[in-house]
Structure formats: C-alpha cells, structure tokens
Amino acid sequence: MHPLMLHVACDLGPIRAVSASVTATAQGCEAEFRLDGRVPAIVLPARATPARMDNLWQTTCFEIFWQPLGGTRYREFNLSPSGCWAAYDFDDFREGMRDAPVDTIAIACSHDDGGLVLTASIAAALPAPAQVALNAIVAHPDGGKQFWALGFPPGKPEFHSEACRTLIIER
C-alpha cells in the first residue's frame with residue numbers, strides 16, 4: 001500500500017490516513033483504497049445499483065489516473081463507495097474528455113467506525129508501462145472536502161496534473 005498525502009490547503013478532519021495500491025492484470029488492473037479514521041463523520045454515498053455515473057467526485061470517491069509513459073493521453077477512473085463508477089479518456093491535460101471504453105468494473109466496499117476499504121477490479125485496455133495516480137476525495141457533512149494523492153503540483157489540488165502520477169506500473 002502507498003500512503004497518500006493530504007493537500008496542504010485541506011484541514012485535517014476525521015480521516016487521519018489514506019493508503020492505496022494498484023496492480024496491472026492481464027484484463028486491466030486491481031486497486032485497493034483504505035481510509036483510516038472516524039468514518040461516521042464523513043459523507044458516504046448510499047449503496048446503489050452499480051452503473052456508470054458522472055460527478056462521483058462531488059462526494060467521497062476514489063480515483064485512478066493511468067497514462068502511458070511518454071504519452072499525453074490518459075484515462076481517469078472514478079470509483080464510488082456506492083458501487084457506481086466512471087471512466088474518461090483525455091487527449092491531454094483536461095482536453096478531449098469522453099467516456100472511456102470499459103469491459104467491466106466491479107467495486108466492493110466495507111467500512112466500520114474506524115475505517116473503510118474499497119476494492120475495484122477493472123477490465124479495460126490499460127497500456128503498460130504507465131505512470132499512475134491514486135487519489136481520494138473525502139467529503140464532510142459541512143460541504144468541505146479533503147483531497148489526498150501520491151503527490152500534488154504547486155497550488156490548488158489538481159488531480160489531472162501529471163505531477164500526481166508518481167507511480168510507475170509495468171506488467
């Protein structure tokens with residue numbers, strides 16, 4: 001598991017640590033995200049029928065950004081504790097956004113008062129080697145959010161920045 005860092009502009013809230021891992025598979029990838037802290041004090045989306053859905057990042061959500069080494073194109077996955085998901089392809093930094101082709105995404109999520117674990121199995125074409133970002137958005141009842149990542153560029157939290165994609169994945 002890789003520890004994620006809290007963006008410097010975010011207050012320390014009920015979640016005290018976030019870690020994540022991703023492994024390339026023949027079908028795509030397997031990922032795991034862990035939140036440690038007071039889970040009842042954050043906003044979790046209600047369990048739903050798994051489906052592709054936009055705007056998942058507006059509440060507690062986990063993200064993977066996957067970019068082939070040396071390229072400008074990248075793919076973004078949004079994974080919700082609700083079981084819903086999104087996948088987008090971009091040609092360059094926030095340019096050319098469109099739904100990405102995905103065979104399947106299966107999400108499992110469990111939590112108790114002290115933590116949350118989300119696992120995802122993604123079946124999609126994912127080139128390797130790749131530089132990858134693992135991110136978390138944690139929503140608070142007052143409308144505030146925490147942003148967690150492997151790394152951040154200077155300034156506001158910007159998950160689309162290549163500076164966040166610090167993990168190199170090979171098959």
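Strands and helices here are DSSP runs numbered from the N terminus, with strands (E) needing at least two residues and helices (H or I) at least four. Color the chain by secondary structure, then: you get zero helices and twelve strands.

Before going further, know that this is a predicted model, where local features need pLDDT of at least 70, side-chain atom pairs count only at pLDDT 80 or more, and totals for chains, interfaces and linings use all residues. Residues are numbered from 1 along each chain as its sequence is written, and side-chain values use heavy atoms, leaving out hydrogens and water.

Next, zoom out to the whole chain. Its C-alpha atoms fill a box of roughly 40 × 35 × 30 Å along the principal axes. Of the 171 residues, 51% are buried (under 20% relative accessible area, 1.4 Å probe, protein chains only).

Now go inside and select Ile-64, Trp-66, Leu-79 and Leu-134. These have the most contacts within the largest nonpolar core, which has 38 residues. A nonpolar core is a set of buried Ala, Val, Leu, Ile, Met, Phe, Trp, Tyr and Cys residues joined through side-chain atoms within 4.5 Å.

Stay on Ile-64: which residues does it touch, leaving out those up to four places away in sequence? Show Ala-31, Phe-33, Arg-75, Glu-76, Phe-77, Leu-79, Ile-122, Val-132, Ala-133 and Leu-134; contact means heavy atoms within 4.5 Å.

Then pick Tyr-74, Ala-133, Ile-137 and Phe-159, which are among the 14 residues of a second, separate core.

Last stop, contacts across the chain: among those between residues at least 6 apart in sequence, 58% join residues at least 24 apart.

Terms used. Buried means under 20% relative accessible area, exposed over 50%, partly exposed in between (1.4 Å probe, protein chains only).
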